[in-house]
Every structure is written in C-alpha cells, then in structure tokens.
Amino acid sequence: MSDQPDASRRQFLSRGTAATAAVAVAPGVLLYDFARARPPAEPASSAVRWGLLIDTTRCDSGCDACVSACREENALPLPLKPTDPQWIRKVELQQEGSGRKVSLPMMCQHCAEPPCVDVCPTGASFKRADGIVLVDKHRCIGCRYCMMACPYKARSFVHEPVEDHSGATPRGQGTVESCTLCVHRVDQGRAPACVDACASEGHRALLFGNLNDPDSAISQRLRSVASVKLRADLNLDPGLSYVGL
Amino acid sequence: MRRIAAFFLVAALTGAGAAVPVPDLDVGQGGHCVNDPQVMRQNHMKFLYQQRDETVRQGIRGGKYSLAGCVDCHASKVNHSVLGSDRNFCQGCHTYAAVKIDCFECHSSQPRALSAAQREGGHP
Ligand code: SF4
Ligand code: SF4
C-alpha cells in the first residue's frame with residue numbers, strides 16, 4: 001500500500017541519521033537544523049520515530065502553558081465547553097498513603113501498536129511512517145470506534161460546526177481528532193507547540209526528538225534517567241515516556 | 001456525474017451551446033496559474049485529491065497543487081474569501097456546475113496572509 005513507509009527506508013538509512021540532528025538555538029529551545037531536516041518533498045521515513053519525554057518533576061501544577069499553546073496553534077475553541085475537543089489535558093495525581101502529588105500533561109501517546117488504527121473501519125486512523133498517529137479526516141466517518149479503543153482517552157469528537165479555520169490543522173464537524181504532535185511543525189523541523197511553550201515558561205518538562213537516533217537528546221536522556229510508559233502492560237509501545245511517576 | 005458537470009462547464013466557457021450565462025467570477029488576485037486554466041477547470045479536483053493524500057498520509061509538502069494556494073490567489077479582494085456569493089471564485093463556479101463543495105467545512109476559505117481583523121469581517 002502506498003501508505004506504507006518502507007520503500008525508501010533502505011535509501012534513507014544509507015544516508016545516515018543526519019536528518020534529525022538537533023541544534024539548540026536558545027536555552028531549552030530545540031530547532032531541527034533546516035539544512036539537514038527532511039526536504040519537504042520527501043515522504044516521512046520509518047528511519048525516524050518521533051517521541052516525547054515528559055519530566056513530571058519539572059512540571060508545575062499551576063501551569064497550563066502546553067494546553068493553551070495547543071489550543072492557539074490548532075485554533076481549538078475557547079472558552080472550553082463540556083463537549084469541546086481536548087488534545088492535551090493537565091492531570092493532577094496524588095499517591096495514596098504518602099500524599100505525594102504529581103502534575104503532568106496527558107495526550108495521544110503515539111503508540112507503535114495503536115488500537116485506534118486497528119479498529120478503524122475506514123483507514124482514517126493511521127500511523128505515519130515516522131510514528132505519528134493521525135486521523136485522515138477525509139476518510140473519517142465519525143463512528144468513534146477509535147475513541148472507544150484508545151486506553152488513554154486521547155481522542156475527541158468534533159460535535160459542533162467549526163467556525164474558526166485559522167488553525168494549523170484543518171478541523172471539521174463529525175470527525176474525530178487528537179494530538180498530531182504538531183505534525184505541520186515537525187515537517188518544518190520545529191518542535192510541537194506545547195514543547196516550545198513549556199520551554200518559554202522556563203519549565204522545560206517536555207523533550208521532543210527522534211527515538212531511533214541513539215545520539216538525540218531524547219535518546220540520551222532516556223538512557224540516563226528512569227522513565228515509564230503509561231499502561232506499559234498493554235504492550236502498545238507508546239512514543240511518550242514519563243519521568244517521576 | 002462529475003464528468004457531466006465538467007462537460008457543461010467546458011461547453012459553456014468556450015461559448016459552444018451556452019444556454020445559461022457563464023458565471024461572472026471574481027478571480028481575486030489571479031495571475032499565472034500553476035497549470036493551464038482549462039486543464040485546471042477540468043482536473044483541479046483530481047490534482048487536489050492526489051496532493052491531499054500525499055500530504056496527509058506521507059507528509060509530502062510544498063507540492064505544486066494546494067488548496068490553500070488556490071485560495072491565496074483566488075479569494076475576492078472584496079470579502080477576502082472564495083465563498084460568499086455566486087461571484088466568488090469557488091462558490092460561483094460550483095453553483096453553476098451544481099457540484100457541492102465540502103472543502104471549506106474544514107479548510108479555510110480565506111488567504112493565509114490575512115490579518116485577524118480582515119478574517120473577522122469576511123466569510124468564514
Ligand atoms: S494513545 Fe490512543 S489515540 Fe493515540 S495512538 Fe494510542 S490508541 Fe491511538
Ligand atoms: S471515528 Fe473516524 S478515525 Fe475513528 S474509527 Fe471511526 S472512521 Fe476511524
């Protein structure tokens with residue numbers, strides 16, 4: 001199928017891992033070197049797997065900069081009505097007994113084995129070659145099977161007609177949507193909006209990068225600190241990992 | 001169905017057997033199109049479908065055909081949109097050809113460079 005990534009994999013691998021080398025342009029702000037980023041006309045490649053490392057020890061319970069940045073980037077409705085889509089939420093947890101509190105953002109975990117894709121009857125839910133799980137809204141019929149299948153409650157249904165089309169992602173009534181990892185920014189060599197917003201607030205709790213590159217900042221950090229994947233028992237191999245849970 | 005519509009449109013725009021007046025379209029900025037206008041009239045939907053699947057599913061960007069590109073050039077300078085009346089570029093022709101447009105339920109009908117203030121005033 002044309003959706004499958006592996007045609008150009010060998011060619012890509014032979015060119016090495018330069019495509020995802022990151023440069024720091026300001027403290028905490030990572031920008032992927034344009035000269036070495038994937039050219040726009042080239043398809044996403046499975047040589048790359050995008051992931052996020054969320055350090056809950058750096059996440060402030062009073063801060064929702066990531067949520068606001070997401071709503072602004074994607075023109076999601078504000079103020080939030082109970083039926084409005086949520087691509088990212090702040091969650092507060094408290095450990096029984098000790099009373100230890102943790103604050104963290106929750107969103108699509110960009111599973112390597114995504115159940116949302118397995119159950120989708122139309123092929124609208126799909127995983128891009130570089131691991132980003134998306135809804136192709138041209139094919140989505142709004143059946144919401146994927147919402148039932150996702151163990152992380154990451155997806156939302158668009159109940160209302162969309163008035164504001166100024167966002168980066170086209171959105172419309174009757175389709176399901178969730179975090180896109182800001183795929184439009186990733187394709188330009190930029191980090192997702194939440195990651196940049198968290199860094200601008202000085203928290204730097206979110207680290208974005210290529211899990212397949214052993215030298216990327218995210219791979220190095222995953223090697224040096226203890227992290228967990230949420231509901232690892234489900235074996236979905238999420239692209240997101242959490243520190244401090 | 002689509003082929004029939006295209007046939008009538010071609011017939012009308014070339015003046016052959018035109019029973020219904022050809023739409024008087026506001027082409028906006030206009031200028032040099034990415035392909036021959038007659039080819040675009042007949043095939044823009046095919047080009048856009050192809051580009052759409054490549055972009056959404058494979059992440060291929062910056063191709064020759066793009067819906068946002070159409071809107072950038074063809075939004076009316078009056079209401080900053082390709083929709084709004086039977087003179088607006090997309091709506092005018094689609095009304096004439098009796099083909100429903102779904103694109104703008106999700107995509108913007110206004111140019112990307114538009115300021116927030118202009119966006120407020122125009123058609124969504
Ligand atoms: S977190 Fe949910 S929506 Fe995201 S890939 Fe996994 S199953 Fe799909
Ligand atoms: S709601 Fe859309 S994406 Fe989800 S399973 Fe149904 S068709 Fe697929």
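Colleague: How many residues of chain B are in contact with chain A, and what makes a contact here?

Modeller: 15 residues of chain B are in contact with 26 residues of chain A, where contact means heavy atoms within 4.5 Å. This is a predicted model, in which local features need pLDDT of at least 70 and side-chain atom pairs count only at pLDDT 80 or more, while totals for chains, interfaces and linings use all residues. Residues are numbered from 1 along each chain as its sequence is written, chains are lettered from A and ligands numbered from 1 in the order in which they are written, and side-chain values use heavy atoms, with hydrogens and water left out.

Colleague: What area do the two chains bury, and what does "buried" stand for?

Modeller: Chains B and A bury about 1,800 Å² between them, 51% of it on carbon and sulfur atoms. That is the accessible area (1.4 Å probe) lost by two parts on being put together, summed over both. Of the area that chain B buries against chain A, 42% comes from Arg57(B), Arg61(B) and Cys106(B), more than from any other three residues.

Colleague: Why is the pair Asp136(A) and Arg57(B) called a salt bridge?

Modeller: Their side chains meet at 3.0 Å, N to O. The term asks for a side-chain nitrogen of Lys or Arg within 4 Å of a carboxyl oxygen of Asp or Glu, so this pair qualifies. The count between chain B and chain A is 2 salt bridges.

Colleague: Why do strand 3 and strand 11 of chain A count as paired?

Modeller: Pairing takes at least two DSSP bridges, and strand 3 (residues 50–55) and strand 11 of chain A have 4, in the parallel sense, so they pass. Ile54(A) stands opposite Tyr242(A) in strand 11 of chain A. The open sheet runs 10-3-11 in chain A, with mixed pairing.

Colleague: What makes strand 10 and strand 11 of chain A edge strands?

Modeller: Strand 10 (206–210) and strand 11 (240–243) of chain A each pair on one side only.

Colleague: How do you know that the peptide bond from Leu78(A) to Pro79(A) is cis?

Modeller: Its omega is near -5°. Pro79(A) lies in the loop between helix 2 (65–73) and strand 4 (88–94) of chain A.
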